[in-house]
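User: Could you take a close look at one part of this model and walk me through it in a connected way? I would like the cut-offs behind each term spelled out as you go.

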Amino acid sequence: MCQTVFRFFSKPSLKSRNTIFTLGQRGAILSPAELEGPILVPHTAQRGDSRYPYETLFRSQHYALLDNGCREYLFLSDFFMVAGNSALDLFNSIMGKTLSMFLKSMSAYVSDCYDSIAIFLCIHIILRFRAITTKRNIPALDKYWEAVLELLWPRFELILEMNIHSIRNTDPQKLGVLDTRPHYITRRYAEFSSAIVSINQTFPNERTNALLGQLQVEVENFVLKMAAEFPSRRDQLIFLINNYDMMLSVLMERAADDSKEVEGFQQLLLARTQEFIEEILSPPFGGMIAFVKEAEALMEKGQLDRLKNEEARITQLVRGFSSTWKQSVESMSQDVMRSFTNFKNGTSIIQGALTQLIQYYHGFHKILNQPTFRSLAVRSELINLHHLMVEVKKHKPNF
């Protein structure tokens with residue numbers, strides 16, 4: 001039942017976290033087999049210990065209404081030889097009190113329901129049932145379907161807006177001790193958003209898309225606020241990457257690859273990953289990287305001769321790289337694999353870092369091949385680029 005407000009910032013509990021924000025198998029209710037499956041017979045269902053989510057009871061009740069309503073309308077039209085408004089008036093005089101009772105009962109339940117997935121599933125059950133009656137050319141239940149949607153849509157939107165406000169107003173400092181692993185709030189968002197996106201694909205609703213967009217913005221801001229609690233930029237980036245990667249993985253299980261949510265987090269993950277790669281390359285190879293960037297900028301201006309007196313610096317960089325690169329790469333690889341919860345993501349980051357290192361060293365070669373530096377004796381101590389690439393591959397982790 002839906003009698004407690006569940007929001008993203010509430011502490012996780014075993015009873016709530018797997019039902020309120022996660023779709024699980026609940027989405028199967030919209031499959032043709034279940035949507036038009038046998039109805040639940042109350043006295044039979046009560047004999048067992050099974051408990052049913054609201055959308056299952058809702059589906060059963062409204063499929064019975066659809067089936068019997070269609071039969072009743074066709075019988076009245078044939079028996080009394082009426083059509084159009086006359087047939088509708090006769091149908092309403094017979095079924096009107098039943099429909100009013102359904103709406104009254106539903107209004108009382110929905111007004112105290114905070115299970116937005118249940119409500120959204122009910123909306124889509126009605127959308128599908130409405131399509132069935134339209135296909136059958138039975139207009140008898142059209143006004144009832146609209147009345148149900150007028151009850152469900154505002155409540156669903158209200159719960160989404162409450163979640164948006166809850167994320168916006170969350171204070172990271174009140175959430176206890178932080179670490180760089182994915183946070184339970186971002187996991188809840190990813191599971192919830194992927195559930196709504198997957199349900200919404202068949203009958204897209206722009207208002208829902210707009211609210212999900214607002215929720216995504218608030219979650220992105222929340223993750224940035226959480227990351228700011230870490231003192232070092234390295235830990236901030238690890239936290240961001242872990243959370244973006246987790247949200248992306250959950251979203252891609254259900255949402256389309258070209259959905260706004262997936263594309264948004266892919267861009268964020270790529271940007272922060274690239275920044276992290278530069279961050280971890282800097283301690284062991286920062287001197288060479290800085291020289292390459294400085295020299296390339298001068299080359300574009302035709303001013304490379306300004307570095308012709310940097311022989312001591314270049315010598316130190318060449319010999320330093322040759323003597324320490326293997327140890328540095330090994331240490332960097334181990335550090336990365338300890339930092340990221342997703343091995344596949346950690347492996348991808350290491351490969352990206354090693355590829356970037358090769359590119360920097362290739363740039364170092366190109367600069368020292370320029371006329372300005374061709375007379376330097378230390379050039380003979382440069383590691384052959386192909387040999388370096390072969391050696392680097394040995395340090396790529398295999399999982």
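Analyst: Phe75, Phe79 and Phe80 make a nonpolar surface patch of about 340 Å²; such patches join nonpolar side chains (Val, Leu, Ile, Met, Phe, Trp, Tyr) within 5 Å, taken from residues with over 30% relative accessible area and no salt bridge, a salt bridge being a side-chain nitrogen of Lys or Arg within 4 Å of a carboxyl oxygen of Asp or Glu. Areas come from the Shrake-Rupley method with a 1.4 Å probe, and for residues only the protein chains shown count as cover. The model is predicted, so local features need pLDDT of at least 70 and side-chain atom pairs count only at pLDDT 80 or more, whereas totals for chains, interfaces and linings use all residues. Residues are numbered from 1 along each chain as its sequence is written, and side-chain values use heavy atoms, with hydrogens and water left out.

Phe80 counts as partly exposed because its relative accessibility is 43%, between the limits for buried (under 20%) and exposed (over 50%).

Helix α3 (residues 54–79) also holds Thr56, which is buried at a relative accessible area of 17%. Leaving aside neighbours within four places in sequence, Thr56 is in contact with Ile29 and Leu40, contact meaning heavy atoms within 4.5 Å.

How values were computed. Helix = DSSP H or I, 4+ residues; strand = E, 2+ residues; numbered from the N terminus. Buried < 20%, exposed > 50% of the residue type's maximum accessible area, 1.4 Å probe, protein only. Patch = residues over 30% accessible without salt bridge, like charges linked within 9 Å, V, L, I, M, F, W, Y side chains within 5 Å.
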